[in-house]
Every structure is written in structure tokens, then in C-alpha cells.
Amino acid sequence: MSEALAIPLRRRVMGWLQPHRIVLILIALAIVMAAAIFMRWDWLPQYMPLALQGIWRTIWLLVVTSALGLAIALPLGLVQVTGPIWLAVPAKAFCTIIRGTPLLLQLWLLYYGLGSLFPQFPWIRESFLWPYLRQAWPYGVMALTISYAGYEGEVMRGAFAGVPRGQLEAARAFGMSRWKVFRRIWLPQAIHRALPTLAGETVLQLKATPLVATITMVDIYSVASRVRQETFITYEPLLLLALVYMAITGVLVFLFRKLEARIPSRLG
Amino acid sequence: MAAGHFRIRPQSQTRGYKLDVLVSLFGASTLELLSFEPPGWGANLLRGLAASIQIACGAFGLGLLIGIGGAYGKLYGGPVVRDLLETYTTVVRAVPELVLILILYFAGTDLINQLMTALGYPPVDINGLIAGIGVLAVVQGAYSTEVLRGAILAIPQGQIEAARAYGMPPGLLLRRITLPAMLPFAIPGLANLWLIATKDTALLAVVGFSELTQTTRQAAGATKAYFTFFMAAGVLYLSLTLFSEVIIKRVERWSRRGMPSVSGPH
């Protein structure tokens with residue numbers, strides 16, 4: 001990292017910009033220009049507010065479910081490493097089941113299965129949660145959260161197990177309480193180890209968000225499907241959709257790289 | 001399943017009603033729907049599972065071929081090939097599978113039909129199975145390119161140099177040295193890809209292909225026993241995953257035969 005920064009920016013750009021790349025970029029620009037001129041984009045102004053709302057919803061879904069999922073994943077990983085067997089076995093079973101079945105099936109099980117189950121119980125219908133349980137988004141959030149928790153529980157298990165034992169023993173020898181050891185030594189090092197994997201998993205989580213369109217949630221994907229159904233334009237909304245997801249992925253990767261660079265990578 | 005019955009309190013006035021609900025949800029009446037005889041949907045679910053496995057096998061195999069080509073191109077290809085492959089893997093890994101499936105599904109069938117009309121044939125109806133395999137293979141190919149590229153890089157350089165020094169032509173080198181030597185490094189990643197392939201087949205339900213998830217949804221919609229059917233499909237997927245993991249362990253041990261154990265003492 002520091003070596004790459006030492007090379008002046010101009011030389012780095014020149015090194016990247018070889019002759020064949022210039023040609024490729026020109027071809028790509030020509031394709032983009034042709035797409036802009038010859039394809040139909042007249043629907044764009046009409047659907048713009050809806051699309052922006054959809055992008056916002058997608059990002060909201062990504063952030064909320066990743067944060068909630070990580071909050072569940074930490075104890076899931078921890079009890080598998082150090083917990084009593086009556087906690088470790090259910091945690092392991094949870095991770096295996098979530099990782100072993102498709103997310104689409106989990107989503108439909110929650111939405112159609114639980115959704116058709118709840119109204120049959122009068123006490124649920126009378127509870128304060130009922131106005132929310134009648135909508136689609138709690139099921140989408142729930143499904144994406146437990147999915148992220150299942151995958152990340154496994155990642156965090158490996159990360160917690162990978163922290164050198166001597167570090168924890170040294171912390172105990174300093175007289176730190178178990179909680180303090182966890183908070184100051186174990187958790188930060190485990191997160192640091194897991195960060196590259198978490199970056200990849202968060203991109204995968206972004207790629208999982210369009211599934212919620214199948215249970216009538218309005219994210220950017222469902223906006224594109226709606227444009228397709230209402231205007232019979234097939235490719236343009238899909239291509240723009242792919243572009244939006246690539247942009248969000250790019251931002252995510254950039255943010256995680258910044259985060260990783262903030263943590264000094266010298267260990268031990 | 002029977003555990004649900006313990007929740008019923010005898011003093012509850014709605015006891016009979018609740019009992020009905022629980023029986024209809026978990027009891028014998030919905031489990032009968034899973035039987036293999038015509039009123040039951042068990043045979044349909046198994047047919048869906050077979051279709052899912054077929055697609056996963058096809059997509060994984062085809063993806064592996066793309067991956068071998070892609071990895072070779074990325075490592076030994078010219079600058080243009082490398083940049084194009086880099087674009088391919090980056091785009092596929094950044095765009096959701098669902099969007100790619102739609103784009104490739106529409107664009108692929110459109111392209112083939114335009115080609116057919118240009119050549120003077122009537123437009124054909126693309127087989128859903130072939131289309132599904134092709135679309136998922138493009139996605140799998142991008143991931144396996146990266147896995148195989150890493151695995152080839154992990155081979156000690158001397159082995160390939162020695163083979164070249166013996167005058168092996170590239171094809172023989174690939175078959176005798178590169179592929180067997182990279183296998184132990186590639187298998188964990190490829191195993192992961194296989195598990196992703198089995199689960200990604202569910203996405204084809206969105207374009208209406210009747211694999212396991214779509215069949216389950218139809219069965220659940222027809223009988224209104226959503227919970228039973230989605231649970232049953234979950235069990236089928238899970239057993240496929242667990243069975244695959246057993247096989248993968250064996251293959252991994254076989255590919256590492258003769259190598260020192262890399263996993264330290266635990």
C-alpha cells in the first residue's frame with residue numbers, strides 16, 4: 001500500500017494507460033454513446049423519482065440488514081468458539097441450515113409461510129405489531145438479516161478462533177476481566193481478521209437485496225421491472241440497473257478499503 | 001412438529017379452534033400433501049429437485065470450462081485478453097445474479113432468435129433447461145476463473161518450468177501438470193462454488209423455470225399449505241448440501257493424497 005503511494009500519481013496513471021487500454025476505452029465509449037443514442041431513454045424522466053426512492057430503499061435495506069446481521073453474528077461466532085455445548089450446537093445448526101438453503105426459499109417461507117400463519121392467531125392480530133406484520137418489509141428485513149447472520153456467524157467463528165491464544169492469556173495476566181479482554185483484545189483482532197471477508201460478504205448481501213422484490217417490496221430492482229412491464233422496454237432499464245448495482249458495489253469496496261487502511265496491519 | 005400441541009392451554013376458550021389451526025399447519029392432514037400419490041405433491045417436489053440438480057451440474061461443469069479458459073487467459077494471455085477477462089469477472093461479481101439472469105435470459109433468447117430469422121429459419125422456443133444452465137454458467141465461470149487463477153498461481157513455479165524444460169506441449173502440460181497440481185488448492189473454492197450453484201438454481205424460479213423452489217411455490221399456492229411445503233423444500237435443499245459436503249470431504253482427501261497435512265493440530 002505505502003509502496004504504491006510512493007510512486008507519483010502521474011507515473012501510475014501513465015503505467016495504467018497503455019496503448020491497448022486507450023483503444024479499449026474508446027471502443028467502450030463508442031458502445032456507450034451508441035446505447036445512449038440508439039436506445040430508448042425517454043421513460044427516464046418520468047420514473048426518476050421512483051428510481052431514486054428505489055436506490056435509497058436498496059441502500060437502506062443493505063445497511064440495516066448488515067448491521068443487524070452482524071450484531072447477531074458476533075454472539076453466534078463467539079459461542080461456537082468458547083460457549084457451552086448447549087449454545088454452541090444450536091448456533092452451529094443455525095449457521096448450517098441458513099447456509100444450506102437458498103435465500104429465496106427462506107424469504108418465501110417467512111413471507112408466505114409465517115405470513116399465512118400469523119392471521120390465524122387472534123392474539124397476534126390484536127398485538128401492537130400487527131400493523132407491521134401485515135406489510136412485506138419486515139419479512140424482507142428478517143430474511144436478509146438471518147441470512148447475513150448465518151454466513152457471518154461462520155466467518156466470525158473462524159475469526160475468533162484465529163486470534164492467537166497468547167494474546168488473550170497476556171490480557172488475562174494483566175488482570176483484565178473477561179469482558180474487558182473481549183472488548184479490548186479479542187473482538188478488535190477478530191474484526192480486523194474478518195474485515196476482508198466481511199467486505200466480500202457485504203457485496204454479496206447487496207446482490208441478495210433484489211430478491212425482496214419477489215415479495216412486493218419496492219427496491220431499485222422492482223422499479224426496473226415495473227418500467228419493463230409498463231413500457232415494454234426490456235434492455236434499457238436492466239442495463240441501467242446493472243450500472244446502479246456496479247456503482248453501489250464500487251462505493252462499498254472503496255469504503256471497506258478505507259476502513260481496512262485505518263487499522264494498522266502489524267500484528268504481534 | 002408435535003411440540004406445537006403443548007402450547008394449547010386447556011382453559012382457553014378457543015381451544016377447539018386453535019387445535020384445528022395447529023393440526024392443519026403441522027398435523028397429518030398437510031403431511032399427506034407430501035405423499036407421492038397423485039393428490040400429494042411429493043413426486044412433483046422430487047422432480048423439481050432433479051431439475052435443480054441437473055441445472056446445478058450443468059452450470060457448474062460449463063462454468064468450470066469457462067473458468068479454466070479464463071484463468072489461462074488471465075495468466076498467460078495477451079494484454080487485451082487480460083483486460084477483457086478482468087472486465088468480465090468484475091462485472092459479473094458486482095451485478096446481482098438475478099439481474100444478470102434476466103439480462104442474459106432476454107438478450108440470449110433474443111439474439112438467437114434474431115440470428116435464426118437472419119439465417120431464414122423460424123424463431124425457436126429456447127429450452128428453459130438449456131437457457132438456465134447457460135445463464136448460471138456465465139455467472140459461475142467468473143467466480144471459477146478467480147478460484148482457478150489463484151490455484152494455478154499456488155503451484156510451485158518449478159513444476160511448470162520443469163515440464164516446459166522437458167518439452168511438453170501446452171495441452172499436455174495442462175492435462176498432466178497444471179490441472180492435477182492445482183487441484184488441492186482449487187477444491188475448497190470449487191466446493192464453495194458448487195454449493196452456490198445448487199442454491200442459485202432457486203433464482204431461476206423468478207423467470208418461471210419449474211425447478212424445486214418454483215414447484216414448491218406452485219404446490220403451496222394450490223394447497224394453501226405454505227409452511228409445510230417450504231419446510232419440505234428446505235429439507236431437500238439442506239440434505240443436498242449436507243450430502244455434497246460429505247462427497248467434497250472425500251474428494252478433498254483424494255486430491256491431497258501423498259501431500260503432507262496442511263491443517264495444524266487443533
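Mentor: Let us start with handedness: a crossing is left-handed if the near helix is turned anticlockwise from the far one by less than a right angle, and right-handed if clockwise. The crossing of H3(A) and H4(B) is right-handed. Keep in mind that this is a predicted model, where local features need pLDDT of at least 70, side-chain atom pairs count only at pLDDT 80 or more, and totals for chains, interfaces and linings use all residues. Residues are numbered from 1 along each chain as its sequence is written, while chains are lettered from A and ligands numbered from 1 in the order in which they are written.

Trainee: Why are H3(A) and H4(B) called oblique to each other?

Mentor: Angles under 35 degrees count as roughly parallel, over 145 as roughly antiparallel, 65 to 115 as roughly perpendicular and the rest as oblique. The axes of H3(A), residues 19-38, and H4(B) come within 10 Å and cross at roughly 45°; axes here are lines fitted to C-alpha atoms, for helices over the stretch in contact, with angles from 0 to 180 degrees between N-to-C directions. The pair is therefore oblique.

Trainee: Which residues make that contact?

Mentor: A:His20, A:Arg21 and A:Leu24 of H3(A) meet B:Pro79, B:Val80 and B:Asp83 of H4(B), a contact being two C-beta atoms, placed from the backbone, within 7 Å. These residues divide into three nonpolar, one polar and two charged. Nonpolar covers Ala, Val, Leu, Ile, Met, Phe, Trp, Tyr, Cys and Pro, charged covers Asp, Glu, Lys and Arg, and the others, Gly among them, are polar.

Trainee: How many residues of chain B are in contact with chain A?

Mentor: There are 34, in contact with 30 residues of chain A. The largest share of that side of chain B, 10 residues, comes from H10(B). By class, the side divides into 27 nonpolar, three polar and four charged.

Trainee: What makes the span of H13(A) close to the expected one?

Mentor: The expected span is 1.5 Å times one less than the number of residues. H13(A), residues 235-262, has 28 residues and reaches 41 Å from its first C-alpha to its last, against 40 Å expected.

Trainee: Which residues of H13(A) are buried?

Mentor: Among them are A:Leu241, A:Tyr245 and A:Ile248. Buried requires 20 or more other C-beta atoms within 10 Å of a residue's own. The buried residues of H13(A) pack against H4, H11 and H12 of chain A together with H4 and H5 of chain B.

Key
Helices (H or I, at least four residues) and strands (E, at least two) are DSSP runs, numbered from the N terminus. A residue is buried if 20 or more other C-beta atoms lie within 10 Å of its own, exposed if 12 or fewer, and partly exposed in between; C-beta atoms are placed from the backbone.
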